[in-house]
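Trainee: Could we go through a protein structure together? I would like to learn how to read one.

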Amino acid sequence: MNGMAETAQLEAAVQALSDIVKMNTVNNHEQLVADYLVTLLKQHGIEAQSIEYAPGRVNLVAEIGDGHGPVVALDGHEDTVALGDADKWHTDPLAATIKDNRLYGRGVTDMKAGLMAEVFAMIALHDQDAPLHGTVRLLATVGEEVDHLGAEQLTELGYADDIQTLICAEPSGADKQLLLTKSIQAMLGVDGDTAQRMAAHSSMPAIGQNAIDMLMTYYQKQTAYFDSFKTIVNPVLGPTVPVVTLISGGEQVNTVPASAEMSVKIRTIPELRNDRLIKDLEAIIAECNADGANLTMDIASSFYPVHTPEDSQLVQLAKKVGEQVLQQRLPYFGAPGGTDASSYIVKSPDMQVIVFGPGNITAHQVNEYVDLDMYGRFIEIYQKMITELLA
């Protein structure tokens, strides 16, 4: 592709990104994005399928390739988290303001930029009539920020059954200035050296008969239970990480608490899968109840951990292509945030997965932005990776 064509492609990609950032899809109304993508893809001769989750909430699936080979899936979600306090934003969070080659807006880094980079990589490959011996499947989902609703639906419908490789375009870049701040490092639970090497997602843990007494008895047993697993460590994801995020109990200072609640987020690893942990925690609850407690456990969501080894084809390809295009070394590390991959992996446990996208640590923050040069480079990265995977 010549320079003029590349410039025109990038301008179109930036315009499209601006268009969808202006759409308010705060965990709802994702059909706005889906309909936009249907029209955009159709302009390039790519048919897309809209799959309704609920009124106004639509997933999108589109494919290119000759169908005679492996399936490479490109995953991105259409929803965003809440806008936050608009007074704290330097710009309107739905204005898609461009300043100093950065595009600002809610959801631009998590993860509309990643989604659109995948879309334009797909468009470029199709327009160039690139020989793709297999299938490139775009999965644009609803409700990722709350329980991976769209990914769960697409998995149930069979769209994950034959995926060999999944590129999840969640943000994997870092704003170095933010990473150097102690508050961000504390949120991530990392030291300064680790912060220099990694990017993170704000889904990291921010960090009685008296019902409270009974709950604290369970808490102590739970703590001892997880402490016993400290030596079981995944080489990339590290240990299982339980974090108590909410606790409440009682009604007033002069009455014995009749009820108490504790919320816990647990980042799991393949070595200690969710089903085993749930069974063991239920056994601890049964033990407490045998001693007079009246505890129950409600599991709000359970998503399996995902780990693709560093020496896998997908990781090595991403490293090779990424370092060539970005002209920098790329570290290999595990990230704690949830992605749609946790849903897809249930049907394809041998799937190779990588989280690799143009966004950065401003996900879920005020003044969320994406660097437009990085956005353009990831379009190129995805093209090159797909071309090699389906050579």
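Mentor: The conversation below goes through this structure topic by topic. Please keep in mind that the model is predicted.

Trainee: How many helices and strands does the chain have?

Mentor: There are 12 helices and 13 strands in the chain.

Trainee: And what share of the residues counts as buried?

Mentor: The chain has 391 residues, and 47% of them count as buried.

Trainee: Let us turn to the sheets. What is the strand order in the open sheet of 6 strands?

Mentor: The order is β1-β2-β6-β3-β7-β12, and the pairing is mixed. The edges are taken by β1 (48-54) and β12 (352-355). Each of these two has a single partner strand, so one side of each has no neighbour in the sheet. On average, neighbouring strands here are turned by 20 degrees against each other, if direction is ignored.

Trainee: Do β3 and β6 run parallel or antiparallel, and how many bridges join them?

Mentor: Strand β3 (residues 71-77) and strand β6 (residues 135-141) run parallel, and 7 bridges join them. As an example, histidine 77 stands opposite threonine 141, which is in β6.

Trainee: Which strands does helix α3 touch in this sheet?

Mentor: Helix α3 (residues 108-127) packs on the sheet and touches β2 (57-64), β3, β6 and β7 (163-168). The direction of α3 makes about 145 degrees with that of β3. Helix α10 (residues 313-326) also packs on this sheet, where it touches β7 and β12. The angle between the directions of α10 and β12 is about 35 degrees.

Trainee: What about the sheet of 3 strands: is its pairing parallel or antiparallel?

Mentor: The pairing is antiparallel, and the strand order of this open sheet is β4-β5-β13. At its edges are β4 (97-99) and β13 (369-371), each of which pairs on one side only. From one strand to the next, the twist averages 25 degrees.

Trainee: How many bridges are there between β4 and β5?

Mentor: β4 and strand β5 (residues 102-104) pair over 3 bridges. In one of them, threonine 97 has tyrosine 104 in β5 as its partner.

Trainee: Which helices pack here?

Mentor: One of them is α3, which lies across β5 and β13 and runs at about 45 degrees to β13. Helix α12 (residues 372-389) packs on the sheet as well, touching β4, β5 and β13. The direction of α12 makes about 65 degrees with that of β13.

Trainee: New topic: how many salt bridges are found in the whole structure?

Mentor: A search finds 12 salt bridges. As background, side chains of opposite charge can pair when their charged atoms come close. One of the salt bridges joins the side chains of glutamate 368 and arginine 106, with 2.5 Å from N to O.

Trainee: Are glutamate 368 and arginine 106 buried or exposed?

Mentor: Both glutamate 368 and arginine 106 are buried.

Trainee: What is the partner of aspartate 162?

Mentor: Aspartate 162 forms a salt bridge with arginine 137, and their closest N and O atoms are 2.8 Å apart. This pair links distant parts of the chain, 25 residues apart: aspartate 162 is in the loop between α4 (149-156) and β7, and arginine 137 is in strand β6.

Trainee: Why does aspartate 162 count as partly exposed?

Mentor: Aspartate 162 counts as partly exposed because its relative accessibility is 32%, which falls between the limits of 20% and 50%. Arginine 137 is buried because its relative accessible area is 7%, and buried means under 20%.

Trainee: Where do aspartate 280 and arginine 276 lie?

Mentor: Both are in helix α9 (residues 274-290), 4 residues apart, which is about one turn of the helix. Aspartate 280 and arginine 276 form a salt bridge whose closest N and O atoms are 3.7 Å apart. Aspartate 280 is partly exposed at 23% relative accessible area, and arginine 276 is partly exposed at 40% relative accessibility.

Trainee: Finally, which residues form the nonpolar patch on the surface?

Mentor: The patch consists of Tyr219, Val244 and Ile247, which together have about 250 Å² of accessible area. Isoleucine 247 belongs to strand β10 (residues 241-249). Isoleucine 247 counts as exposed because its relative accessible area is 52%, and exposed means over 50%.

Note on methods
Residues are numbered from 1 along each chain as its sequence is written. This is a predicted model: local features need pLDDT of at least 70, side-chain atom pairs count only at pLDDT 80 or more; totals for chains, interfaces and linings use all residues. Side-chain values use heavy atoms; hydrogens and water are left out. Patches are made of residues with over 30% relative accessible area and no salt bridge: like charges are joined within 9 Å, nonpolar side chains (Val, Leu, Ile, Met, Phe, Trp, Tyr) within 5 Å. Accessible areas come from the Shrake-Rupley method with a 1.4 Å probe; for residues, only the protein chains shown count as cover. A salt bridge is a side-chain nitrogen of Lys or Arg within 4 Å of a carboxyl oxygen of Asp or Glu. Buried means under 20% relative accessible area, exposed over 50%, partly exposed in between (1.4 Å probe, protein chains only). Two strands pair if DSSP finds at least two bridges between them. Axes are lines fitted to C-alpha atoms, for helices over the stretch in contact, and angles run from 0 to 180 degrees between N-to-C directions. Contact means heavy atoms within 4.5 Å.
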